[in-house]
Amino acid sequence: MPWVEPEPGPSPEQKPKLTKQDSATGPEWYQKSEESESEGNQPPLGPLASSRPPETPGPPALERDDAPLPEGDDASSRPSVLDDAPLPEEETPEPRAICRHRHRCHTDCLEAPLSRAFQWLGWQVGAHPWIFLLAPLMLTAALGTGFLYLPEEEEEDLEQQYTPVGGPAKAERRFVQGHFTTNDSYRFSASRRSTEANFASLLVVSYSDSLLDPATFAEVSKLDGAVQDLRVARENGSQIQYQQVCARYRALCVRPNPLLYAWQVDKTLNLSSISFPIYNHGGHPLYLTGFFGGRILGGSLGMGHLLLRAKAMRLLYYLKTEDPEDSVQSKQWLTHFLEQVTNITNTLALKKIEVVHFTSLSRQLEFQATSLTVIPVFHLAYVLIILFAVTSCFRFDCIRNKMCVAAFGVISAFLAVVSGFGLLLHIGVPFVIIVANSPFLILGVGVDDMFIMISAWHKTSLADGIPERMSNVYSKVAVSITITTITNILAFYTGIMSSFRSVQCFCIYTGTTLLFCYFYSITCFGAFMALDGKREVVCLRWLKKADAKWSSFKKFCCFPFGSVPDEHGTDIHPMNLFFRDHFGPFLTSSESKYFVVFIYVLYIISSIYGCFHVQEGLDLRNLASDDSYITPYFNVEEDYFSDYGPRVMVIVTKKVDYWNKDVRQKLENCIKIFEKNVYVDKNLTEFWLDAYVQYLKGNSQDPNDKNTFMNNIPDFLSNFPNFQHDINISSSNEIISSRGFIQTTNVSSSTKKKIMLFQ
């Protein structure tokens, strides 16, 4: 036997694995490839190429295994070098290791394990469908008991739910409530309240150019009298009259309109010589801002300008709010007012004026009424979605028809709503009225997952077992429904960080219900789909059963427009064929690409343009139904009463030496800075310090002397009781805080209000 010299081999730790394979020509050695099957095994290495020692002549070197074999007799007579003489163990040749290392980036680190997990889950659902169907139903029944805690008659606080939790306005209000008192039973002042009082408002619009004539005032006076005569009958037989619940200034109810009251007292009042915005009547100034709209002013007159015309008038009926018992009675009277105001206007048969109304309860009541209209729409939405799902999954093939599965998919989304809402109601999460809109979102997501799973089911073979088909379905839909669900849930749970409580509650309810929707899709709905798969098998066996008599009838009933489906084939929806064969090629053509890019550019431009024209703020008309009575009220208010806005408090929060001339000058300069704002009417500023200094000087008192300044405050307040709640004096006779008022103008929109605050 010739001697074979082995080639240098690798180190022991790099020594390749050898496999011996017997063949007709003798034993051959192959080297196994270390690469993955996806790349294909490297061609096996043939017998080792060896050579004789140079000093010893011998047979030619060994041929490679992949060399062409001789044909005919030559092939059978081909000698084998390693035929009968195996190499000694110590001289076993070692082949040269040929290694190919390819660095691969694995991008399926999430998809692969998720798909395997869902594959296992699908197998379990297919093998035990009843368990996965009944368990979610029992869970829904248990969690659904949480609806017993659903608030029915509890009044939702709109301010608490729809204003920022840590807003600076709330902190400022707490400061005002802690340092300044009010009294709506004796000295009511609407501008000095830190919270909204109970009220009823009537806007009267004249059919003529002006209502400043005795005949129109007479009709308005009749309307005012009818409103004040309203009485609420209580269960115990007593009545609530307007005079019992009205806010009072001294002994009288606050007048709904100061000029109307002056005319009612003196019918000879000349309505053509009224000055605006302040009218001096009998030595008492009447502030008419906010009470007359659609004005035309003339020349200067007294403390303002001559009021030539006024198209509209406001009547404001303020009610007691501070005492809880009084507030309850006031709200009962307002509820009765809303029920009777239409009857009043119809009974009076008003010919010269048009009347619209609004109350402090209207926002709450109309918002709740609008939300209740969602319930019928909610039922209609579920019916329409069921019809759409059933129609989309309908097949003339009775085996692959998924109408019942589609209907149950919608029911599964409904079960998720019941479970999610019930769980959170058990926990005690507040149920705000906008949460009623959440089921529409849940329905859309649930139906989307349903269609994905049904589409994957149609791609399985009828010949496979139910567990295997469910396993294939779950492995295909794992990534799509899981990733979309995670992103949706995270998006809503991120909304919990919002500063609005209503948004927080909405996001908690929606995110939690989406989680239940995902859970029910992969359990309850999957189990129903597995049971329907068993129906497919039974139906297919029945159709294939040899029965010549009923064969044609079965085919006609189950497949009126086609043949029996191939149990080894898959089902393709016509919509898939449309997108594959028609829309896809159309969209990938050159002309379509240019057109799509052009449309997308227009879309981006219009989106950017819209972002710069977003209107801030909330229009209350959008919270009510189109036929609500508050819509015409806000229309009239916007047309005629939008020029004068709210009165703004200017508060001195610290102790200062008001008797110091320099301090007073700084305060005066501060007020002047506010008055320079284009949205402030400087002629209507009200500050107690200016009036008090004039009072002291008028009485020949020195305002710069501390004792004189402090000791004369009680006399000043007795003569000017309007300022009584503007000064906070401690028991040690020190002024802890004080406030003044400025009148805003032309701040009808939220944007203007924001500009006014930050100027």
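Which exposed residues does the face of H2 turned away from its buried side carry? I looked there and found Arg116 and Trp120, both exposed; I take buried to be under 20% relative accessible area, exposed over 50% and partly exposed in between, with a 1.4 Å probe and protein chains only.

**Basis of the entries**

I am reading a predicted model, in which local features need pLDDT of at least 70 and side-chain atom pairs count only at pLDDT 80 or more, while totals for chains, interfaces and linings use all residues. Residues are numbered from 1 along each chain as its sequence is written, and side-chain values use heavy atoms, with hydrogens and water left out.

**Whole chain**

I noted 24 helices and 17 strands in the chain, where helices (H or I, at least four residues) and strands (E, at least two) are DSSP runs numbered from the N terminus. Of the 759 residues in the chain, 38% are buried. Among contacts with a separation of 6 or more, 73% come from residues 24 or more positions apart, a contact being heavy atoms within 4.5 Å.

**Helix H2**

I checked the length of H2 (residues 111–127): at 1.5 Å a residue its 17 residues should span 24 Å, and the end C-alpha atoms are 24 Å apart, which agrees; the expected span is 1.5 Å times one less than the number of residues. The buried residues of H2 are Leu114, Ser115, Phe118, Leu121, Gly122, Val125 and Gly126. Seen down the helix axis, these buried residues of H2 fall within an arc of 135°, so they line one face; the arc is that of the directions from the helix axis to the C-beta atoms. I kept in mind that an α-helix has 3.6 residues a turn, so residues three or four places apart point the same way.

**Nonpolar cores**

I then turned to the largest nonpolar core, of 57 residues, in which Phe118, Met470, Tyr474, Phe525 and Met529 touch the most other members; such a core is a set of buried Ala, Val, Leu, Ile, Met, Phe, Trp, Tyr and Cys residues joined through side-chain atoms within 4.5 Å. The helices that each supply at least two residues of this core are H2, H3 (129–143), H11 (374–392), H12 (403–427), H13 (438–458), H14 (466–494) and H15 (501–544). H15 gives the most to this core, with 16 residues. Apart from it lies another core, of 47 residues, and Leu202, Tyr242, Cys246 and Val341 are among them.

For Tyr474 I listed the contacts beyond four places in sequence, which are Phe118, Leu121, Gly122, Val125, Met453, Ser521, Ile522, Thr523 and Gly526.

Phe506 is found in H15 and is buried, with a relative accessible area of 17%. Leaving aside its neighbours within four places in sequence, I find Phe506 in contact with Ile434, Val435, Asn437, Ser438, Leu441 and Phe492. Phe506 and Ala436, 70 residues apart in sequence, are 8.8 Å apart in space, C-alpha to C-alpha.

Asp448 lies in H13 and is partly exposed at 40% relative accessible area; its C-alpha atom is separated by 9.5 Å from that of Gly409, 39 residues apart along the chain. Thr484, in H14, is partly exposed at 34%, and the C-alpha atoms of Thr484 and Asp449, 35 residues apart along the chain, are separated by 9.4 Å.

**H6 against H9**

I looked up how H6 (residues 214–228) and H9 (residues 324–348) pack, and found an angle of about 145° with the axes 10 Å apart; axes are lines fitted to C-alpha atoms, for helices over the stretch in contact, and angles run from 0 to 180 degrees between N-to-C directions. The contact is made by Lys222, Leu223, Ala226 and Val227 of H6 and by Trp333, Phe337, Ile344, Thr345 and Leu348 of H9.

**Backbone exceptions**

Most residues other than glycine have a negative phi, and most peptide bonds are trans. I noted a cis peptide bond from Phe276 to Pro277, with omega near 15°; Pro277 is found in the loop between S8 (275–276) and S9 (278–281). Ala349 has a positive phi of about 50° although it is not a glycine, and lies in the loop between H9 and S13 (353–359). Asn746 also has a positive phi, near 55°, and lies in the loop between S17 (735–745) and H24 (750–758).
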